[in-house]
Amino acid sequence: MSAPLRLVTYIIMNLAVTLFIFLVAQSNEKASKKSKGQKHIIIRTPKAFLWVGILGCVVMSAFLYCMIFYPNGTEQWWVFIIFGAFDLLGIYIIINTLVWRIDIFKQEDYFLYRPTLFKTHKIKYEDCISYSVKDDSIIIIKTNKKTVTANLIFTNCNALQSMLTKHNIKRTLYKPKKHK
């Protein structure tokens with residue numbers, strides 16, 4: 001690949017990532033304004049992640065389709081595995097975007113946490129021991145039974161922090177686990 005083509009590719013990738021972050025921030029700001037004053041707030045993965053998952057699935061599935069139905073003699077087994085893995089990653093992103101959520105009720109003493117398709121946890125604020133923020137991007141809530149995590153880029157995630165503060169949940173410094 002020539003140097004100018006590499007430069008153009010680098011610029012396009014940076015612009016795409018910047019545009020993605022801008023769109024997520026803009027969407028989150030709109031959702032935050034819309035939910036202000038509401039009694040029920042939903043924290044969820046931004047819709048832009050859904051489109052990333054769909055795009056990844058479509059592109060990787062197209063590559064797999066071409067490799068299977070239009071072989072040119074250069075296909076390798078490991079390429080199938082890589083494209084298949086990225087296709088599965090796209091499916092995971094789609095499902096996670098549609099399923100993962102935290103429901104906050106401003107007038108209640110609990111919130112609902114749904115990390116997977118078939119399980120919703122009712123977590124009372126009195127069961128929350130503490131919370132911390134890792135790398136200014138992930139909020140980690142320790143409870144008596146489980147640990148709840150949410151990315152601060154998620155839509156309406158600031159409402160979760162304000163509810164934890166309102167219910168006097170202690171904020172601690174994040175300490176990474178030491179591996180043996």
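**Exercise 1. State the accessible surface of the chain and the share of it that belongs to carbon and sulfur atoms.**

Solution. The areas come from the Shrake-Rupley method with a 1.4 Å probe, and for residues only the protein chains shown count as cover. On that basis the chain has an accessible surface of about 12,700 Å², and carbon and sulfur atoms account for 64% of this surface. The model is a predicted one, in which local features need pLDDT of at least 70 and side-chain atom pairs count only at pLDDT 80 or more, whereas totals for chains, interfaces and linings use all residues. Residues are numbered from 1 along each chain as its sequence is written, and side-chain values use heavy atoms, with hydrogens and water left out.

**Exercise 2. Compare the radius of gyration of the chain with that of a compact globule of 180 residues.**

Solution. The radius is taken over C-alpha atoms, and the globule rule is 2.2 Å times the number of residues to the power 0.38. For a compact globule of 180 residues the rule gives a value near 16 Å, but the chain has 21 Å. The spans of the C-alpha trace along its principal axes are about 65 × 35 × 35 Å.

**Exercise 3. Check the length of helix H2 and find what covers its buried residues.**

Solution. Helices (H or I, at least four residues) and strands (E, at least two) are DSSP runs, numbered from the N terminus, and the chain contains four helices and eight strands. The expected span of a helix is 1.5 Å times one less than its number of residues, so the 23 residues of H2 (residues 47-69) should span 33 Å, which agrees with the 33 Å between its end C-alpha atoms. Buried means under 20% relative accessible area, exposed over 50%, and partly exposed in between (1.4 Å probe, protein chains only). The buried residues of H2 are Leu50, Gly53, Cys57, Met60, Leu64 and Met67, and their cover includes helix H3 (77-99). An α-helix has 3.6 residues a turn, so residues three or four places apart point the same way.

**Exercise 4. Classify His121 and Leu23 by their relative accessibility.**

Solution. His121 lies in strand S4 (residues 119-124) and is buried, because its relative accessible area is 17%. Beyond its neighbours within four places in sequence, His121 is in contact (heavy atoms within 4.5 Å) with Phe111, Leu112, Tyr113, Pro115 and Lys146. Leu23, in helix H1 (residues 3-35), counts as partly exposed because its relative accessibility is 41%. The C-alpha atoms of Leu23 and Tyr10, which are 13 residues apart along the chain, are separated by 20 Å.
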